[in-house]
Amino acid sequence: MRLEHIGLSELSGSLIALEGVEGAAYDETAEITLSNGQRRLGRVILIEGDRVVLQVFEGTQGISLQNARTHFTGEPVRLSLSTEMLGRVFDGTGRPIDGLGELCPEERRNVDGSAIDPVSRHYPRDYIETGISAIDCSMTLIRGQKLPIFSGSGMKHNELAAQIVRQAKLGGSEGNFAIVFAAMGVKNDTADFFRRSFEEAGVLQRVVMFRNLASDPIIERILTPRCALTAAEYLAFDKGYHVLVILTDMTSYCEAVREFSSSKGEIPSRKGFPAYLYSDLASLYERAGMIRGRPGSVTQVPILTMPNDDITHPIPDLTGYITEGQIVLDRDMDQKGLYPPIAILPSLSRLMKDGIGEGFTRADHPALSNQLFASYSKVQDARSLASVIGEDELSDTDRQYLAFGKAFEQQFIRQDAFQRRSMDETLDLGWKLLTLLPKSELDRIDDAVIDAHYVEGAWKSLPGIAP
Amino acid sequence: MSGHIYGINGPVVTVKDAPELAMMDMVNVGELALIGEVVGVEGDTATVQVYEDTSGLTAGEKVVGQGAPMSITLGPGLLDDIFDGIARPLKVVEAESGPFIGRGLAIPTLDPKRLWDTQILVHEGDILQPGDCYAQCQETPLILHRCLVPAGLSGTVSRVRPDGACTVEDVLMELTDERGRTYPLKLSQRWPIRTPRPIAERLPIHRPLITGQRIIDTLFPIGKGGAAAIPGPFGAGKTMTQHQLAKWSDADIIVYLGCGERGNEMTQALEEFSELLDPKSQQPLMCRTILIANTSNMPVAAREASVYTGMTIAEYYRDMGYHVALMADSTSRWAEALREISGRLEEMPAEEGFPAYLASRLAEFYERAGYVRTLEGREGSVTVIGAVSPQGGDFSEPVTQNTKRYVRTFWGLDRALAYGRHFPSINWLTSYSEYIADLKPWYDAHVSPKFMEDRQRIFTLLQEESQLLEIVKLIGADVLPEDQKLTLETARLIRVGFLQQNAYNAIDTYVPLEKQFRMMEVILALYDGSKALLARSIPLSQLRATGIFDRLCKIKYEVPNDSLDRFQGYEQDVAEALRQVDEANR
């Protein structure tokens, strides 16, 4: 028998409350049927005796205290899963919207997932060659890592993410990689840009797309990344795919969480975000990784736009504390037309130390990338000094740093969106650039390694550098 | 002792009709028997924080009180293993529920079947006091596990079991007190995590915790039994520093607490500590390590409990007479867990939404560190090193500020240093250690009476450099007088050749105090010699041209820790370089 509760006791924002409900479970879903036959989905977020508060995913437009009938389903929010998901498009709550009909599910799983036991994790060590020098050399992406792109409105994060998808050789063997793409509160154009780039890269049949556009209900947006990650975990850990998950835009997601939190009347902490934003984000980002004894992996590249380009804003700040590094884009470089506009110094990959070097990439890789970082950070000092006393007054060493900095940006970081550099090309290029500096300035590299790779004057073979 | 669920709001559950429930009692919530703790009682309503995900609970399900505060089982088997925030062994959790952690798992902390070769140290009729040792077993090749009479128990021994293999649940003997009540004593005992374990007395801090990290041991040392904080923005290397300390510090036992941090980091710690050998004993580091993991996606209430679990375990081993170091990474996540639960309890927020009792909770935690005489009369210590993750890297936020009040060593990590890949990125201008005076006698006696003097000179040079750099920023380095150029050059040598330490270099990852001292001596010898030459108007560039500064930069990689006699070569090089320049100007 189908038990329905007729009418509501309260209605506020996206929340509805019912009284006299027996046996409702925390977190379970409910179907709300309006008198005009419309159906909505809700979830229990508070129980107080026989009073139950539900959040309605599609919003409460058109609901009144009398016209709604609520049926509690007795189960949490679940997603239908099957390998047929590949190539399909879903809405933010996991319902197909590509007109190809319902999925025939092999399984239905709670979208909240559960924590991976640290004992069961396999520590990620295999690098992914993205073909982008700045990333491969200085913040190497590792399979099973969560490496977000910190960007700002109007910068080229979408292009960068698309290039990573296009060029990343996931898994080595063809055929077992998949992409899960979750769009949260993005513009229609952005969603379309990604669809086209997947198509151009010929991977559309390997993409599972979850779409919650800017105009879609915000409560659905809270479910979108959870659906996407549930699909990713299923493909990776049950079906052995190497899955790359792109989540964009995490800022919209966090704002949805804030909006929802304030509608519940919760005590806000920093910038009005709820105190549990860290735990909430962690429950998403921590769903990346590998599991011992299972072939697949979940690699996450979340994209977030830093409000006002501020890296200390709660969203990038909390993200950086959870993720294993970050790729930071720089407004100045972007405005100079430098693509990809990756700010090397604040960017970081925490897992690269165990995935590069001998046996992984090349023995000289760790020292080289360390030296490039250190030298490039001195370029910044030389530049600020030059801006005060003028370039002519600089010491010879400082002038060499300026030349190195310019070449590093123009030859190493700059790269065409369709250009792929192999790891060897990238590292060799790095060595050539280092020859712009005298040997004595290379304090991060052993003499033996310097002797093996440092060829005096090698920079002359680089195009467009005046001595 | 049971009631039923009335309301559910995330990890906070309200319980009706349970007047017997006391504050801080442990309860089992619902059909799944989720573990929780009473955090508030008002009338016949009790508020419970649940240590597991509350999805699927319904109003009306029963809540059963256990009649005791949140406690954990202590005994042999804690070392060389990994536990969650309420001390459930994660390896057994994996065996029970697979790679994804399930709920309502009632798993004992210690393996009830494992046999320990136990030696009984008392005889029938002996009279025991709290803290007396009654049995021992070799827990790992490094650690002898000594079972002590729990606080509050004393009496006469009876029914003693013979030596031999027994489990943690076997009764070894009975203790009969004055009133004739008997208590069974086992290899294991239970202790409430929020209650500090009693000690005989606190002793002054007088020995350093030697970490093998130059900037720490030399510039900002911490004493055994002290408390330190490592605040830093993300990417500055907090976890890396904590890992280095856990690997190399000379504590007998390490309790490593991953509190609200990344799952992969705990996996890495587990792997690395199992492979790496302790430099002294050549045994795997895990033989002296206990890992506690509440990763950021595990339930938030258990995160709040995890720091107490870690502290209780640390105190338990301290009571046996060991020096224990507790690394908590990160205490900010614990503070945020407090804030999150406080918000759910609808308490009045203080600064930045944190509850008003944040400072007192932090104080309670850090004050459990100390160098003590145990009830048994031995010396033991708990050193606490807490990482702090300030929001936006801003040290003025409440957790950093309140932590600063209760720790005496402060290692402030710096984003700018990390961007320049200067690791460990401890900023020597903002960091401090209040233990210098306490530890000076030890350094005088065990390393060299000159150690602290050299330390002060190094420290002063670095401070002078920072003032000079302000000027250099405006006018460039070339116009400075020669002696100031020497200060800059020497400070650069100190920064690159001494303070920077490469955790991935086999030689540099751990440096004994003797080598740290010799390095300072060589650097200062060059500085003094150069200064004398400059006084004769010889330009610094001549000294630079000898390459001696660059040569000293590489000492850290080129002198193995066990052949310090190679320093003589460097001392000769310094003398030779000075002599060359001297002669060229005769």
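Predicted model: local features only at pLDDT ≥ 70, side-chain atom pairs only at ≥ 80, totals over all residues.
**Notebook: helices, a sheet and a chain contact**

I started with a helix pair: I218(A), I219(A), R221(A), I222(A) and P225(A) in α4(A) meet S252(A), Y253(A), A256(A), V257(A), E259(A) and F260(A) in α5(A). Contact here is when the C-beta atoms of two residues, placed from the backbone, lie within 7 Å. By class, this contact has eight nonpolar, one polar and two charged residues. Nonpolar covers Ala, Val, Leu, Ile, Met, Phe, Trp, Tyr, Cys and Pro; charged covers Asp, Glu, Lys and Arg; the others, Gly among them, are polar.

Residues are numbered from 1 along each chain as its sequence is written, and chains are lettered from A and ligands numbered from 1 in the order in which they are written.

Next I checked the geometry. The axes of α4 (residues 218-238) and α5 (residues 250-263) of chain A come within 9 Å and cross at roughly 130 degrees. That makes α4(A) oblique to α5(A). (Under 35 degrees is roughly parallel, over 145 roughly antiparallel, 65 to 115 roughly perpendicular, and the rest oblique. Axes are lines fitted to C-alpha atoms, for helices over the stretch in contact, and angles run from 0 to 180 degrees between N-to-C directions.) Helices (H or I, at least four residues) and strands (E, at least two) are DSSP runs, numbered from the N terminus.

Then I looked at a sheet in chain A. It is open, has eight strands in the order β9-β15-β14-β16-β17-β13-β18-β19, and its pairing is mixed. Two strands pair if DSSP finds at least two bridges between them. β9 (89-91) and β19 (342-349) of chain A stand at the edges with a single partner strand each, so one side of each has no neighbour in the sheet. On average, neighbouring strands are turned by 15 degrees against each other, direction ignored.

Which strand joins β19(A) by four bridges? I found β18 (residues 325-329) of chain A, and the two run antiparallel. V328(A) stands opposite A343(A) in β19(A).

Last, I turned to chain B. I see 60 residues of chain A in contact with 61 residues of chain B. The largest share of chain A's side, seven residues, comes from α9(A). That side divides into 31 nonpolar, 14 polar and 15 charged residues.
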